[in-house]
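Trainee: I am new to this structure and would like to understand it step by step. May we begin once it is on display?

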Amino acid sequence: MRARAERLAAVVLMAALAVTGCGDGAKPSPSSGAPATSSAAPVATDPASVFKAAVAKTNSVALSFTIDSDLGTLGQMQGDGASDPAAKATAYKAELLTPDRKIDISAVLVSPDLYLQVTGVTTDRWAHLDATKVKSLAKLGLDATGSPTGLGALPGEIVTVRQTGPGAFSGTLDKTKNPVTAGAGASEALKSVPFEATVDANGYVTQLVTHTPPLGTAPASSTTAKFANFGSKTIKIERPDSATVEQAPDSLYQTLQ
């Protein structure tokens with residue numbers, strides 16, 4: 001029963017921690033410091049460039065997020081958290097309602113320390129893992145900074161982008177280029193995954209919706225991620241109290257390899 005729960009947890013964690021996959025966020029280019037001239041730098045106007053710039057800007061700052069996923073026959077999942085790429089840290093808490101049970105999921109990553117609490121897998125204490133000993137954080141849907149939002153991977157996955165209105169974008173993604181889904185028996189359908197996104201007046205992505213086709217035995221799913229509090233100085237992610245932590249068993253490491 002515990003082994004089955006651990007296998008389920010691996011699937012749940014990937015769904016819970018990955019909105020669209022993983023990948024390092026693009027870093028904004030530093031100012032050259034050169035004197036201003038009469039010729040302003042060209043501003044990107046094509047939809048793909050505009051959207052990629054918004055993704056890079058969003059990925060470069062601390063933020064809070066919510067995730068709402070319709071996982072088909074697997075159930076419904078809702079969660080929220082915060083991410084701080086500068087600190088390589090993220091905190092996330094979610095509830096998965098399956099047809100026969102409720103699974104609570106909590107994850108904290110303050111690199112290189114990863115802490116997990118999952119119903120049926122861990123005890124009532126946090127399970128601590130050394131993230132450097134996990135083969136790839138991509139299997140948890142985390143990028144190198146600990147972000148579960150997957151925004152950093154989007155530029156490399158974009159196939160098409162069109163602007164449907166002020167701050168409104170839609171298009172398709174090639175998810176076979178994503179480490180999370182690349183080994184999932186990638187089908188042709190994964191090469192054209194629909195998405196919609198919203199960018200605010202300040203150039204930050206505030207909403208991302210993806211529609212993922214079936215993957216193996218996993219049904220089709222739809223996930224909505226919303227982002228807010230961009231660059232907030234109040235976002236501070238800390239490790240759990242050591243009195244509430246125990247070392248993760250080898251079996252959990254094996255599940256995540």
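Mentor: Let us start with a term: two strands pair if DSSP finds at least two bridges between them. Please bear in mind that this is a predicted model.

Trainee: In E11, which residue is the bridge partner of threonine 210?

Mentor: Strand E10 covers residues 205-212 and strand E11 covers residues 221-228. The two run antiparallel and are joined by six bridges. Within E11, the residue bridged to threonine 210 is threonine 223.

Trainee: How many helices and how many strands does the secondary structure of the protein chain comprise, and in what order do the strands form the open sheet?

Mentor: The protein chain has four helices and twelve strands. Twelve strands form an open sheet with mixed pairing, and their order is E7-E8-E9-E10-E11-E1-E2-E3-E4-E5-E6-E12.

Trainee: Which are the edge strands?

Mentor: An edge strand here pairs on one side only. This applies to strand E7 (158-165) and strand E12 (245-247). From one strand to the next, the twist averages 20°.

Trainee: What angle does the direction of helix H2 make with that of E7?

Mentor: Helix H2, residues 47-59, packs on the sheet. The strands it touches are E1 (63-70), E7, E8 (168-173), E9 (193-199) and E10. Its direction makes with that of E7 an angle of about 95°.

Trainee: Which residue in E11 is the bridge partner of aspartate 68?

Mentor: E1 pairs with strand E2 (residues 76-84) in the antiparallel sense over eight bridges, and aspartate 68 stands opposite glutamine 78 in E2. E1 and E11 also pair in the antiparallel sense, over seven bridges. In E11, aspartate 68 has as its bridge partner threonine 224.

Trainee: Which residue takes a positive phi in the hairpin of E1 and E2?

Mentor: This hairpin has five residues between its strands. The phi in question is near 65°, and the residue that takes it is glycine 72.

Trainee: Why does lysine 226 count as partly exposed?

Mentor: Lysine 226 lies in strand E11. Leaving aside neighbours within four places in sequence, its contacts are Ser64, Phe65, Thr66, Thr206 and Gln207. Partly exposed lies between the limits of under 20% for buried and over 50% for exposed. Lysine 226 counts as partly exposed because its relative accessibility is 44%.

Trainee: What distance separates the C-alpha atoms of lysine 226 and serine 64?

Mentor: Along the chain, lysine 226 and serine 64 are 162 residues apart. Their C-alpha atoms are separated by 8.4 Å.

Definitions and conventions. Residues numbered from 1 in each chain as written. Predicted model: local features only at pLDDT ≥ 70, side-chain atom pairs only at ≥ 80, totals over all residues. Heavy atoms only, no water. Axes fitted to C-alpha atoms, helices over the stretch in contact; angles between N-to-C directions. Contact = heavy atoms within 4.5 Å. Buried < 20%, exposed > 50% of the residue type's maximum accessible area, 1.4 Å probe, protein only.
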